[in-house]
Amino acid sequence: MELDATNTPKTVRLSFEGTAIEAPAGATVAAALLAADIIAFGTRPVSGLPRGAFCMMGTCFECMVEIDGIANRQACLETVQEGQNIRRMPPRIPTKGQGDGDD
Amino acid sequence: MQDYDVAVVGGGLLGSAFGWGLARRGQKTVVFDEGDRAIRTARGNFGLVWVQSKGQNMPEYAAWSLRASQLWQDFAAELTENTGVDVHYVKQGYNIVATEAELESAIAGQDRITAGMGDKAYGYEVLDHKTLKAVAPHIADSVPGAIYTGHDGHCNPLFLMRALHQDMQAKGAHYQPNTRVGAITPRADGGFDLTGEDGTLLGSAARVIVAAGHGAVNLVRDLGIDLPVHADQGQVLVTEKVSESMSFATGTVRQTDNGSFLLGASSKQIGMDTRTDLPTLAEVARYCISVFPFLGKLRLQRAWGALRVMTPDGCPVYQQSEAHPGLFSFACHSGVTLSSVHALEVAKWVSEGNIPSEFNVFHPRRFDV
């Protein structure tokens, strides 16, 4: 965690689904969301059940979010950045529109 | 008097199915499970419940796989009813291949099975590209077709393990985790003492099933039993979780109940080595993408290697020791598919102390030439 001259954690501002949150600089995105009482980072594509951070160490792939327009980022492995735009992942339908064509 | 009717050595998919089936038959049962340092075949498998292509060299194995598939629906339903755990069994599978040569080879294999099974043979259909495309719209234009039997499918093998463990204990079986059996010693009363690695007595049983995969070889060798198994390594790729788009399994691709695609079917004999390597993973991915191009658009999330328990002819080994009646040694690689017959039929053999003569063909003496 980054501290300023008075040993106070530096903070960065980011947003989750358009809502502004603050987090200590150097924290992971998952930690920032949890600290803001956001538990459901997204939903399971098939069951629609809410999912959130579980292992916090990059193993379980349950904490996937979209960060600044890029899908499939592991929130527990990404560090918060000023102005970051975090969103729940949109539904991924692999066989519709994405997979056909030039493969 | 022994502590148990049956002691099962091995808590993987074989041992769990036997333990569940024995407890279900009212047998006082204990299951010894080594722990996470064991070579955990049951934690690494692909989850197919598969019949076609099996038993080309042994019609009895083809019939046994068919029997397993026929029992699977009720087996899964009973587990779910008893435990609330859905093992996600879907009886839908096609052997979809990438090339004409593969399809011809697969057809020849099915013809050998059909000829071997005679009047007990199951039918199969060869679907051409157009027919297959109607049920599998995401195949590549180059896919020549598939073989369909109506007996193939897939399940969630980890939930199968969990359901078996939960329900066998609900039925009174003792599950002993982190317990490696070091020796099995025949007793004067016809039963067996099982001891840990440090010589501690773990318990005694009238009958013993050794179903410990690769870990069983040395254990039963001390009792004069040859268990001819070797490690056949498979590597599996796992994609990101996506919307439900494929209900059926192929021999190499299936979508799990939570949305991930599994890509598999590599095979290497490199000893007890579970490490993945990039060339093998790339070949697995290349083949699967050649059948289903959309897979190339998905992000991979992980990969693993696991070791099949493979016999010289790929067919199961079921044997009871002649020198020590009551000592059974079972091994096979199709622990998921055969879990239904292991639970519902093989458990009966052991509770009655006798392997029916029609199954003598599975004795490893078949390898003695």
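The paragraphs below go through a predicted model, from chain A to the helices of chain B.

Residues are numbered from 1 along each chain as its sequence is written, while chains are lettered from A in the order in which they are written. Because the model is predicted, local features need pLDDT of at least 70 and side-chain atom pairs count only at pLDDT 80 or more, whereas totals for chains, interfaces and linings use all residues.

Chain A holds one helix and seven strands (DSSP runs, of H or I over at least four residues for helices and of E over at least two for strands, numbered from the N terminus), and along the sequence these elements follow the pattern β-β-α-β-β-β-β-β. Taken along the principal axes, its C-alpha atoms fill a box of roughly 55 × 25 × 25 Å. Of its 103 residues, 22% count as buried, a residue being buried if 20 or more other C-beta atoms, placed from the backbone, lie within 10 Å of its own, exposed if 12 or fewer do, and partly exposed in between.

Between the chains, 17 residues of chain B are in contact with 14 residues of chain A, where contact requires C-beta atoms, placed from the backbone, within 7 Å. The side of chain B that touches chain A has four nonpolar, seven polar and six charged residues (Ala, Val, Leu, Ile, Met, Phe, Trp, Tyr, Cys and Pro count as nonpolar, Asp, Glu, Lys and Arg as charged, and the others, Gly among them, as polar).

With helix α1 (residues 13-24), the angle is about 35° and the axes are 9 Å apart; axes here are lines fitted to C-alpha atoms over the stretch in contact, with angles from 0 to 180 degrees between N-to-C directions. Contributors to this contact include W20(B) of α1(B) and M161(B) and L164(B) of α5(B), and its residues divide into seven nonpolar, three polar and one charged. The axes of helix α2 (residues 59-83) and α5(B) come within 10 Å and cross at roughly 65°, with L79(B), N82(B) and T83(B) on the α2(B) side and, among others, L164(B) on that of α5(B).

Helix α7 (residues 278-291) of chain B buries V284(B), C288(B), I289(B) and V291(B). Seen down the helix axis, these buried residues fall within an arc of 155°, so they line one face of α7(B), the arc being that of the directions from the axis to the C-beta atoms. They pack against β4 (95-97), β12 (230-241), β13 (253-255) and β14 (260-263) of chain B, whereas L278(B), P279(B), A282(B) and R286(B), on the other side of the helix, are exposed.

Methods. Contact = placed C-beta atoms within 7 Å.
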